[in-house]
Amino acid sequence: MKKIIFMLATVLLMLSSCNRKVEYEFISYATFDATSYSFDEDVQEVRVPVSIVNPSGAEVSLSVATIDGKAEEGVDYEVIYPVSGVLTFAPGETQQDIVLAITDFPNKLTGSKDFSLTIASATEGFMVGNCSTAKLTIKDTKTLAGEEVP
């Protein structure tokens, strides 16, 4: 019973620390480094880091997925890595990047578009932290009459 209470208290502490990495002595978990990212549409490629806090001595696989918003996969962005949707961390490895190709629409006013990345699941027995979803905003860099488009 004490062990369950300790685990619940630890999870609650982890949930309250989304934008900062707090090391927990006995818990290994996966997390995005931030909950939101913003970049210009002409950037071509974006890397979104995924971190393992307190890596264990075992290999960890994370299932990652995109969730379309105003930005659509295949139109506004493409996942370059991991193509399979699975990030595999070697024992002791602490960071990998999800790599995305961003589509530029030259001379076309599209406005800002957003989508999300999520850590959908992890190897059995491994935890996903509370920063398991990151919102990405693609900012349109085109202008109309000298003013930037929102």
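Trainee: Which residues line the second largest cavity?

Mentor: Rolling a probe the size of a water molecule over the atoms shows where empty space is left. In this predicted model, the second largest cavity is lined by I52, P55, S56, A58, V60, F89, A90, P91, G92 and E93.

Trainee: What volume does the second largest cavity have, and how does its lining divide by class?

Mentor: The space amounts to about 30 Å³. Its lining has 7 nonpolar residues, 2 polar and 1 charged.

Trainee: How many cavities of 30 Å³ or more does the structure hold?

Mentor: There are 2 of them.

Trainee: Which residues line the largest cavity, and to which classes do they belong?

Mentor: The lining consists of E41, D76, T103, F105, T110, G111, K113, I138, K139 and D140. By class, 5 of the lining residues are charged, 3 polar and 2 nonpolar.

Trainee: Take K113 from that lining. Where does K113 lie?

Mentor: K113 is part of strand β8, which covers residues 113–122.

Trainee: Is K113 buried or exposed?

Mentor: Buried means under 20% relative accessible area. K113 has 19% relative accessibility, so it counts as buried.

Trainee: Which residues is K113 in contact with, leaving aside neighbours within four places in sequence?

Mentor: K113 is in contact with K70, A71, D76, F105, L136, T137 and I138. Among them, D76, F105 and I138 also line the largest cavity.

Trainee: What joins the side chains of K113 and D76?

Mentor: A polar contact of 2.8 Å joins these two side chains.

Notes. Residues numbered from 1 in each chain as written. Predicted model: local features only at pLDDT ≥ 70, side-chain atom pairs only at ≥ 80, totals over all residues. Heavy atoms only, no water. Helix = DSSP H or I, 4+ residues; strand = E, 2+ residues; numbered from the N terminus. Buried < 20%, exposed > 50% of the residue type's maximum accessible area, 1.4 Å probe, protein only. Polar contact = N/O pair within 3.5 Å; in protein donor to acceptor, adjacent residues only side chain to side chain. Contact = heavy atoms within 4.5 Å. 1 Å grid on protein atoms, 1.4 Å probe; cavity = no way out; pocket = protein on both sides within 12 Å on 5 of 7 lines; lining within 4 Å. Points joined across faces, edges and corners; volume = space filled by probe spheres on them. Nonpolar A, V, L, I, M, F, W, Y, C, P; charged D, E, K, R; others polar.
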